[in-house]
Amino acid sequence: MATLNLESSSSSSTPVAAPLGIARFQHTPYYCEENIYLLCKKLSEDGTAKPDGSDLFVVFISNEKNQIPLWHQRASHRADGVILWDYHVICVQRRKETSLPDLVWDLDSNLPIPSPLPTYVAETIRPSFQLFSEFQRVFRIVHAPIFLKSFASDRRHMKDPSGNWTATPPSYDVITAEDGTAHNLNEYMAMSSLDVVKSIGADAVDTALTQKLGVLVGESKLEEFFSQIPL
């Protein structure tokens, strides 16, 4: 992922420090999709999530213009933490206890990790904030067990036309899908507001649980969608 220019008189000189607890996770700046891929694996392996990762969902955030504002981002130089990403990736963990809110894992946030979904939506997405249409966010929700089998990235999107890295890549090997696919990140990033589900119901949930590219949801329906997923 990459940042776009966002000027403000309220800018600060340095990005905010990482919240406590993030050190247990692999994190490479600007490679959020790989960070979340590894996070899902770790949460499943260390008992924080179900062993098969069935309570985890990978969420890609972007739009047709590849410019989405999110608040409380550590890479921001503004006092309010807002930044304009071309896309971003987070993980949402469904809680089996109905009295507890679902959790959001965002390794680029300066909010507590994890944060309750309602808090994250209110503080980072800010749906009540009036945005121009070109900044409206679309959410691609993919079930983690499918994502971990299907996702692939050879990091080609992080090179400029001359073949130079735009950000230092991770030291580990590139991620290849189980079927041998070398790169399909572009498929997850391609999204349009015209393709979002019109209503949240069993069909939308089933699509997220069974399809490689999941389902597209508008920002006003995000919390409602997760409330409909069976525990």
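# Loops, Sheet and Cysteines

Me: In which loop is the place of Y30?

Reply: The structure is a predicted model, in which local features need pLDDT of at least 70 and side-chain atom pairs count only at pLDDT 80 or more, while totals for chains, interfaces and linings use all residues. Residues are numbered from 1 along each chain as its sequence is written, and side-chain values use heavy atoms, without hydrogens and water. Helices (H or I, at least four residues) and strands (E, at least two) are DSSP runs, numbered from the N terminus. Y30 has its place in the loop between β1 (3–4) and α1.

Me: What is the phi of Y30, and what is its relative accessible area?

Reply: Most residues other than glycine have a negative phi. Y30 is not a glycine, yet its phi is positive, near 75°. Buried means under 20% relative accessible area, exposed over 50%, and partly exposed in between, with a 1.4 Å probe and protein chains only. Y30 is partly exposed, because its relative accessible area is 30%.

Me: Where is H72 found, and is H72 buried or exposed?

Reply: H72 is not a glycine, but has a positive phi of about 60°. H72 is found in the loop between β3 and β4 (83–85). With a relative accessible area of 18%, H72 is buried.

Me: Which residue does the side chain of H183 join in a polar contact?

Reply: H183 is found in the loop between α3 (144–150) and α4 (185–189), where it is buried at a relative accessible area of 14%. Contact means heavy atoms within 4.5 Å; not counting residues up to four places away in sequence, H183 touches A152, S153, D154, R155, R156 and H157. A polar contact is a pair of N or O atoms within 3.5 Å; within protein, one must be able to donate a hydrogen and the other to accept it, and residues adjacent in sequence count only if both atoms are side-chain atoms. At 2.9 Å, such a contact joins the side chain of H183 to that of D154.

Me: How many disulfides does the structure hold?

Reply: A disulfide is a pair of cysteine sulfur atoms within 2.5 Å, and the structure holds zero. C32 is in none, as the nearest cysteine sulfur, that of C40, is 12 Å away. C91 is in none either, the nearest cysteine sulfur, again that of C40, being 3.9 Å away. The number of disulfides is therefore, by the 2.5 Å cut-off, zero.

Me: Which strands stand at the edges of the sheet?

Reply: Two strands pair if DSSP finds at least two bridges between them. Six strands form an open, antiparallel sheet in the order β7-β6-β5-β2-β8-β9. Each edge strand has a single partner strand, so one side of each is left without a neighbour in the sheet; these strands are β7 and β9 (215–218).

Me: At what angle to β5 does helix α1 run?

Reply: Axes are lines fitted to C-alpha atoms, for helices over the stretch in contact, and angles run from 0 to 180 degrees between N-to-C directions. Helix α1 (residues 32–45) lies across β2 (56–62), β5 and β6. The angle of α1 to β5 is about 20°.

Me: What arc do the buried residues of α2 cover?

Reply: In helix α2 (residues 117–125), the buried residues are L117, Y120, V121, T124 and I125. The arc is that of the directions from the helix axis to the C-beta atoms. These residues lie on the same side of α2, because they cover an arc of only 100°.

Me: Which two residues does the cis peptide bond join?

Reply: Most peptide bonds are trans. P114 lies in the loop between β6 and β7. With omega about 0°, the cis peptide bond joins I113 and P114.
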